[in-house]
Amino acid sequence: MPQLDSRFIRSQFPAFEEPSLNGWGFFENAGGSYACRQVISRLTHYYTRTKVQPYYGFPASMAAGAAMDEAYARMAAYLNVGEDEVHFGPSTTQNLYVLARAFRELWDKGDEIIVTNQDHEANSGFWRRLEKTGMVVKEWGIDPRTGRLNPGDLDALFSARTRLLAFPHCSNIIAHVNPVAEIAARAKAAGAFVVVDGVSYAPHGCLMSGPWGRTSIFSPFTRPGGRIWGS
Ligand SMILES: Cc1ncc(COP(=O)(O)O)c(C=O)c1O
């Protein structure tokens with residue numbers, strides 16, 4: 001079985017060679033993490049050569065547009081989705097804020113949203129706040145003994161007015177991975193959109209493994225570079 005070459009991997013991260021960081025361990029990646037040299041090199045290229053309006057007729061602009069096209073193509077291939085299904089945004093929180101506002105325009109008062117108490121605030125708060133606009137918000141609660149969400153509990157929550165189900169790919173607290181395909185299939189059968197927060201899971205596994213219906217999934221290729229969603 002091939003061994004992970006941790007010496008090679010460490011050599012890709014200049015922070016390990018930075019004397020002022022020597023001896024420190026950083027466990028605060030929600031605040032950002034040190035990037036590998038390939039990311040630093042791409043960003044340096046961007047800030048020094050192509051930080052212009054893209055898709056105009058002058059060379060730097062054409063190069064900027066080509067770099068953007070390449071980013072969409074490569075991320076779509078990585079996620080196994082179409083390029084037009086990938087969106088890069090400033091943060092998951094901001095992407096979800098925009099999505100919640102946009103969805104609200106499609107729904108009527110009394111329509112229902114299901115949220116969980118296993119989510120990070122980003123994939124819960126904006127949906128819950130739609131209650132003030134007349135939406136009915138239901139909570140799919142964890143089993144307090146295990147911290148897990150039980151997909152079987154959803155049957156009692158779905159109704160003819162369910163419009164959306166928001167849940168995390170995995171729990172930040174207990175690291176349990178939710179059966180996304182099964183949950184999405186249940187939501188699809190109920191006619192609901194699905195929004196999956198993949199921020200915690202994405203660095204550890206394959207995000208898009210099948211046709212999940214009307215599913216938006218958020219992932220954390222972040223800091224620097226914003227966050228994306230694929231649907
Ligand atoms: C599971 C999860 N979802 C969402 C977010 C929010 O992400 P962002 O900082 O991109 O808004 C975080 C933040 O770390 C997170 O851990």
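Tutor: Let us begin with what counts as an element: helices are DSSP runs of H or I with at least four residues, strands are runs of E with at least two, and both are numbered from the N terminus. The model is a predicted one, and from the N terminus on its protein chain runs α-α-α-β-α-β-α-β-β-α-β-β-β, with six helices and seven strands.

Student: What makes glutamine 94 partly exposed?

Tutor: Glutamine 94, which is found in helix α4, has 14 other C-beta atoms within 10 Å. A buried residue needs 20 or more and an exposed one has 12 or fewer, so a residue in between is called partly exposed, and glutamine 94 is therefore partly exposed. The C-alpha atom of glutamine 94 is separated by 8.3 Å from that of alanine 122, 28 residues apart along the chain.

Student: How do you know that the buried residues of α6 line one face of the helix?

Tutor: The buried residues of α6, which spans residues 180–189, are Val180, Ile183, Ala184 and Ala187. Seen down the axis of α6, these buried residues fall within an arc of 100 degrees, so they line one face of the helix. The face turned away from that buried side carries the exposed residues Glu182 and Ala189.

Student: Why are β2 and β3 said to pair?

Tutor: Two strands pair if DSSP finds at least two bridges between them, and β2 and β3 have five, in the parallel sense; isoleucine 113, for instance, has valine 137 in β3 as its bridge partner. As for cover, four of the five residues of β2 are buried.

Student: What makes a set of residues a nonpolar core, and which residues have the most contacts inside the largest one?

Tutor: Members must be buried residues of the listed nonpolar kinds, joined through C-beta atoms within 7 Å. The largest such core has 28 residues, and Leu164, Leu165 and Val194 have the most contacts inside it. Elements giving two or more residues to this core include α4, β2, β4 and α6. Leaving aside neighbours within four places in sequence, leucine 164 is in contact with Phe103, Ile113, Ala192, Phe193 and Val195. In soluble globular proteins, nonpolar side chains tend to be buried together.

Terms used
Residues are numbered from 1 along each chain as its sequence is written. This is a predicted model: local features need pLDDT of at least 70, side-chain atom pairs count only at pLDDT 80 or more; totals for chains, interfaces and linings use all residues. The arc is that of the directions from the helix axis to the C-beta atoms. Two residues are in contact if their C-beta atoms, placed from the backbone, lie within 7 Å.
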